[in-house]
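Please look over the sequence and the model first, then read the points below.

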Amino acid sequence: MAEGLKDVIIKELYTLDETIAKEIFEGAVYPWEILPKIGDFIIRLGSTLPEEKFEKRGENIWIAKSAKVYPSACINGPAIIDEEAEIRHCAFIRGNAIVGKGAVVGNSTELKNVILFNKVQVPHYNYVGDSILGFKAHMGAGSITSNVKSDKTLVVVKAGSEWYETGLKKFGAMLADHVEVGCNSVLNPGTIIGKETNVYPVSMVRGFVPPNSIFKKQDDIITKKQ
């Protein structure tokens, strides 16, 4: 494995005990390998969920009884909403979505083909597509993942001086645990952000951002003071 790509493997980005979807990561090295598998995995996992904690609502939709889902929210399957999650007014879940324990999906937020780990917050006007957001990751109001390149070519991940061809046309962003994304930022296709990193508001982000960093702009990324 090339040196730069070691920074973007699953075990460097995510605490797998903080998601009901832990099993889907088994045998994978890079997180984008998971994206084509989410829908089928939800259907398999959903059928095993305990009836005392989850209820099935519609086709391939499982919602924890302790979750709060506003009447105006729209949830299409396959989907799993874990315990104590909150799906707020006019949230739109298009399908292939796992929303973790205590996560918040807010007003006018749209999800498609995603895994949100426990305690993730996408609370205001966010679009999250073909992406995985780690434990306690937070996207500020209006921040989005852009999941298709403008020229429609396949997404390539750049980490340091190394490149990895993903073979995917649709690939948004991989946010590690405790990432904070500022308001109205755009995460370009194939963006990967390391643990504990903060992104300034109104940023345009691409490629790999190291852990424990502050992203001010693409050519101004600093390491956090310990």
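Predicted model: local features only at pLDDT ≥ 70, side-chain atom pairs only at ≥ 80, totals over all residues.

Is Phe25 buried or exposed? Phe25 has a relative accessible area of 4%, so it is buried.

**Aromatic pairs**

- A search of the whole structure gives seven aromatic pairs.
- One of them joins Tyr14 and Phe25, whose ring centres are 6.2 Å apart. Their planes meet at 45°, which lies between the 30 and 60 degree limits, so this pair is tilted.
- Tyr14 and Phe25 are eleven residues apart, and the pair links distant parts of the chain. Both residues are placed in the loop between helix H1 (10-13) and helix H2 (38-46).
- Tyr14 is buried, because its relative accessibility is 4% and the limit for buried is under 20%.
- Another pair is that of Trp32 and Phe171, with ring centres 5.9 Å apart and planes at 35°, so it is also tilted.
- Trp32 sits in the loop between H1 and H2, while Phe171 sits in the loop between strand E16 (162-168) and strand E17 (173-175). The pair therefore ties together parts of the chain that are 139 residues apart in sequence.
- Trp32 and Phe171 are both buried.
- These two residues belong to one aromatic cluster together with Tyr30 and Tyr164.

**Nonpolar core**

- The largest nonpolar core has 70 residues. Within it, the residues that touch the most other members are Trp32, Val99, Ile115 and Leu175.
- Leu175 has contacts beyond its neighbours within four places in sequence. Tyr14, Ile132, Leu133, Gly134 and Ala137 are among them, as are Met139, Val181, Leu187 and Ile193.

**Cysteines**

- A disulfide is a covalent bond between the sulfur atoms of two cysteines. The structure holds zero disulfides.
- The cysteine sulfur closest to that of Cys90 is in Cys74, 10 Å away.
- Cys90 counts as partly exposed, at 35% relative accessibility.
- Cys183 is likewise in no disulfide, and its nearest cysteine sulfur, that of Cys90, is 20 Å away.
- Cys183 has a relative accessible area of 36% and is partly exposed.

**Backbone**

- Most residues other than glycine have a negative phi, and most peptide bonds are trans.
- From Gly77 to Pro78 the peptide bond is cis, and its omega is near -5°. Pro78 lies in the loop between strand E4 (74-75) and strand E5 (79-81).
- Asn96, which is not a glycine, has a positive phi near 55°. The loop between strand E7 (92-93) and strand E8 (97-99) holds Asn96, which is partly exposed at 24% relative accessibility.
- Asn184 also has a positive phi, of about 60°, without being a glycine. Its place is in the loop between strand E18 (180-181) and strand E19 (186-187).

**Salt bridges**

- The count of salt bridges comes to six.
- One of the salt bridges is between Asp17 and Lys22, whose closest N and O atoms are 2.7 Å apart. Asp17 is exposed at 59% relative accessibility, whereas Lys22 is partly exposed at 39%.
- Arg57 and Glu55 form a salt bridge through their side chains, with 2.9 Å from N to O. Arg57 is partly exposed at 36% relative accessibility, and Glu55 is partly exposed at 33%.
- Asp82 and Lys101 form a salt bridge in which the closest N and O atoms are 3.2 Å apart. This pair links distant parts of the chain, 19 residues apart.
- Asp82 belongs to the loop between E5 and strand E6 (86-87), and Lys101 to the loop between E8 and strand E9 (104-107).
- Asp82 is buried at 0% relative accessibility, whereas Lys101 is partly exposed at 34%.

Note on methods:
Residues numbered from 1 in each chain as written. Heavy atoms only, no water. Phe/Tyr/Trp six-rings, centres within 6.5 Å; stacked < 30°, edge-to-face > 60°. Helix = DSSP H or I, 4+ residues; strand = E, 2+ residues; numbered from the N terminus. Buried < 20%, exposed > 50% of the residue type's maximum accessible area, 1.4 Å probe, protein only. Core = buried A, V, L, I, M, F, W, Y, C linked by side-chain atoms within 4.5 Å. Contact = heavy atoms within 4.5 Å. Disulfide = S-S within 2.5 Å. Salt bridge = Lys/Arg side-chain N within 4 Å of Asp/Glu carboxyl O.
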